[in-house]
Amino acid sequence: QKEVEQNSGPLSVPEGAIASLNCTYSDRGSQSFFWYRQYSGKSPELIMFIYSNGDKEDGRFTAQLNKASQYVSLLIRDSQPSDSATYLCAVIGDDKIIFGKGTRLHILP
Amino acid sequence: NAGVTQTPKFQVLKTGQSMTLQCAQDMNHNSMYWYRQDPGMGLRLIYYSASEGTTDKGEVPNGYNVSRLNKREFSLRLESAAPSQTSVYFCASSEGGGAFFGQGTRLTVV
């Protein structure tokens with residue numbers, strides 16, 4: 001069974017600080033990696049994707065991938081109260097998208 | 001552009017009743033998925049369809065059936081609902097990349 005692991009949190013971060021969310025995956029053959037944000041009672045929303053080792057930046061978000069360590073992370077700079085949500089890591093393998101259980105992030109005003 | 005549309009948004013069933021959850025996407029995506037989300041369990045894949053005419057089991061397929069009616073539509077059927085199937089169900093579609101989700105169906109089985 002291919003797995004995606006995340007710390008469930010909650011992760012509490014002061015407003016304006018950097019939030020760091022982590023994810024590990026079991027399938028070494030995985031090629032595509034995604035981060036979703038889900039507000040309470042809403043559907044998941046795609047915020048970042050990364051396919052190659054290294055960093056990918058989009059505004060306040062940076063995704064980092066290390067395939068050798070099977071590790072994906074998401075950094076949120078200048079955290080805002082509106083960033084408070086559950087963040088889901090997802091991996092594509094064999095045509096399936098497998099999700100981690102998500103990390104609850106709470107930005108403290 | 002509606003994206004992914006699920007119906008209904010809410011449903012209450014009695015144990016043993018059957019129902020079909022409908023999903024349609026207008027993004028011309030080949031892949032479609034059904035997930036269920038329970039507190040503390042994240043999104044668990046029920047069934048998926050990599051292309052029109054194909055369906056495959058995910059992590060938790062027992063008690064469900066699916067139909068990929070055409071490229072746009074992918075339905076999920078509960079033949080005999082059980083309380084353990086109380087959950088929020090999400091349909092999603094993708095085209096080789098990240099998935100786009102419908103609004104979800106909140107299903108309660110009593």
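Buried here means under 20% relative accessible area, exposed means over 50%, and partly exposed lies in between (1.4 Å probe, protein chains only). By that cut-off, both Arg44(B) and Asp38(B) are buried. This is a predicted model: local features need pLDDT of at least 70, side-chain atom pairs count only at pLDDT 80 or more, and totals for chains, interfaces and linings use all residues. Residues are numbered from 1 along each chain as its sequence is written, chains are lettered from A and ligands numbered from 1 in the order in which they are written, and side-chain values use heavy atoms, with hydrogens and water left out.

**The interface between chain B and chain A**

- Contact means heavy atoms within 4.5 Å. On that basis, 20 residues of chain B are in contact with 19 residues of chain A.
- The size of an interface is often given as the accessible area lost when the parts come together.
- Buried area is the accessible area (1.4 Å probe) that two parts lose on being put together, summed over both. Between chain B and chain A it is about 1500 Å². Carbon and sulfur atoms give 60% of that area.
- Within chain B, the residues that lose the most area to chain A are Leu43(B), Glu59(B) and Phe101(B). Together they account for 26% of what that side buries.
- A salt bridge is a side-chain nitrogen of Lys or Arg within 4 Å of a carboxyl oxygen of Asp or Glu. Between chain B and chain A the count is zero salt bridges.
- A polar contact is a pair of N or O atoms within 3.5 Å; within protein, one must be able to donate a hydrogen and the other to accept it, and residues adjacent in sequence count only if both atoms are side-chain atoms. Four residue pairs are in polar contact between chain B and chain A (both at pLDDT 80 or more).
- Helices (H or I, at least four residues) and strands (E, at least two) are DSSP runs, numbered from the N terminus. Strands E4 (31-38), E5 (42-49) and E9 (87-94) of chain B are the elements that give two or more residues to the side touching chain A.
- E5(B) supplies the largest share of that side, four residues.
- The residues of the chain B side divide into 10 nonpolar, nine polar and one charged. Ala, Val, Leu, Ile, Met, Phe, Trp, Tyr, Cys and Pro count as nonpolar, Asp, Glu, Lys and Arg as charged, and the others, Gly among them, as polar.

**Nonpolar cores**

- A nonpolar core is a set of buried Ala, Val, Leu, Ile, Met, Phe, Trp, Tyr and Cys residues joined through side-chain atoms within 4.5 Å.
- The largest has 41 residues. Those with the most contacts inside it are Trp35(A), Leu74(A), Tyr87(A), Phe99(A), Tyr35(B) and Phe101(B).
- Strand E9 (residues 85-93) of chain A gives this core its largest share, seven residues.
- Beyond its neighbours within four places in sequence, Tyr35(B) is in contact with residues including Ile97(A), Phe99(A), Leu43(B), Arg44(B) and Phe101(B).
- A second, separate core has 19 residues, including Leu21(B), Cys23(B), Leu78(B) and Val109(B).

**Salt bridges**

- Over all chains, the structure holds six salt bridges.
- Glu45(A) pairs with Arg37(A), with the closest N and O atoms 3.0 Å apart. Glu45(A) counts as partly exposed because its relative accessibility is 37%. Arg37(A) is buried, at 14%.
- Arg44(B), in strand E5 of chain B, forms a salt bridge with Asp38(B), the closest N and O atoms being 2.8 Å apart.
- Apart from neighbours within four places in sequence, Arg44(B) has contacts that include Trp34(B), Tyr35(B) and Glu59(B).
- Glu79(B) forms a salt bridge with Arg77(B), the closest N and O atoms being 3.1 Å apart. Glu79(B) is partly exposed at 43% relative accessibility, and Arg77(B) is partly exposed at 30%.
- Shared partners join Arg36(B), Asp38(B) and Arg44(B) into one network of salt bridges.

- Ser75(B) lies in strand E8 (residues 74-78). Ser75(B) counts as buried because its relative accessibility is 8%.
- Val12(B) sits in strand E2 (residues 10-13) and is exposed, with a relative accessible area of 55%.
- Val12(B) and Leu107(B) are 95 residues apart in sequence, yet 5.9 Å apart in space, C-alpha to C-alpha.
- Not counting residues up to four places away in sequence, Val12(B) touches Thr108(B) and Val110(B).
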